[in-house]
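Trainee: Could you take one residue in this chain and look at it closely with me? I would like to see where it sits and then how the rest of the chain is built around it.

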Amino acid sequence: IAFLIINISSVSAVDIVYDDFEDGNLNEWTLSYLGTANDWTAATTNPYQGSYHAQSWPRYTTEPASVMQRNISTSGYENIIFSYYKRNIGLDAADEFQAEWYNGTDWTLVESTGSSSSNDAAYVSRSYSLPAAASNNPNFAIKFECTAGATSEYCRIDNVNVSGSVIFDNNYPIFSNFLNNPGNNSFYVPGAVYKFNTTIMNSNGSAGLEFNGINYTATNSSN
C-alpha cells in the first residue's frame, strides 16, 4: 500500500540515467583500451558545466583506442532519447570519435567523425531519438570511443542523459479513501491536489492515471 499525493501534470520524458561526472569518477562505466592507450578519466580541465567531465587522451592510433561503456536497462520505458555534450580537441582526419547505442545484439552509431577532422571551439549538444529496439530493453547500453595519437588531441564528454517515457501497464491501481480538493463532482483541473490510497501492482512502483482521455503520472510520497 502506498500513499500518494498527486499533482496533475502531463506525461513527459524522465531521466533513466543522467551523469554529469560531478562525483569525480567513472565507477559506473566500463573502461577498455587497446595496447598502450590511456583510459577515459573524470577530469577537471574543461567541463561543460560544474567541475568535472569525462575525458579521453588516448595517445594511440589503432581504433578503438579507448572506450567508455555503460549498460542501462530501459525496462519499463519507451521513446528513448540519448543525449550528451561533446567537445573534440584537435582531432585530425586519421583520428576518430564515436558515440553508439546497443540493442542487445548490435551496436549502432549515432555520431562518428569518420574521415573528417574535429576541433570544437566549445561544447556541442547532441540529442538522438532512438528507434523502438531501444525501448523496454534490459540489455540497452551506450558507449563512447576515442582514437587519437597526438599529445594535443582529446575527446571530452559531459552531461550524458538517457531518458524515456514510462510504459503504462494493465495492472490498474486500486483506489480508496479519497480526499478531493476541490470536492466531489467538481472538475479535475491542472494544479489541483488529490490524495488517496492505492495498491500498485507493477514492479517499478509508478502509477499512470487517465483523466478525460489524457494520461498523467503519479509520484510516490511514501512506500
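**A serine and its surroundings**

Mentor: Let's begin with S56, which counts as buried because its relative accessibility is 0%; buried means under 20% relative accessible area, exposed over 50%, and partly exposed in between, using a 1.4 Å probe and protein chains only. Before going on, please keep in mind that this is a predicted model, where local features need pLDDT of at least 70, side-chain atom pairs count only at pLDDT 80 or more, and totals for chains, interfaces and linings use all residues. Residues are numbered from 1 along each chain as its sequence is written, and side-chain values use heavy atoms, with hydrogens and water left out.

S56 belongs to strand β5, residues 53-56. Strands (E, at least two residues) and helices (H or I, at least four) are DSSP runs, numbered from the N terminus. Leaving out neighbours within four places in sequence, the contacts of S56 are W40, S66, C146, E153, Y154 and C155; a contact means heavy atoms within 4.5 Å. A148 is 92 residues from S56 along the chain, yet their C-alpha atoms are 9.0 Å apart.

Beyond four places in sequence, S83 touches R126, S127, N159, V160 and N161.

Now widen the view. The chain has 16 strands and zero helices, and 39% of its 223 residues count as buried. Of the contacts between residues at least 6 apart in sequence, 76% join residues at least 24 apart.

The largest nonpolar core has 28 residues, and F82, Y84 and F144 touch the most other members. Such a core is a set of buried Ala, Val, Leu, Ile, Met, Phe, Trp, Tyr and Cys residues joined through side-chain atoms within 4.5 Å. At least two residues of this core come from each of β7 (77-89), β8 (96-102), β11 (141-147) and β12 (154-166). With four residues, β12 gives the most to this core. In soluble globular proteins, nonpolar side chains tend to be buried together.

In β9, L109 is the bridge partner of E100, and E111 is the partner of A99. The two strands form a hairpin with four residues between them, and G104 in the turn has a positive phi of about 100 degrees.

Finally, how confident is the predictor? The mean pLDDT is 85, with 70% of the residues reaching 70 or more; pLDDT is the predictor's confidence in each residue, from 0 to 100. Over residues 1-10 pLDDT stays under 50, and for this stretch the model has 47 contacts beyond four places in sequence.

Conventions:
Pairing = 2+ DSSP bridges.
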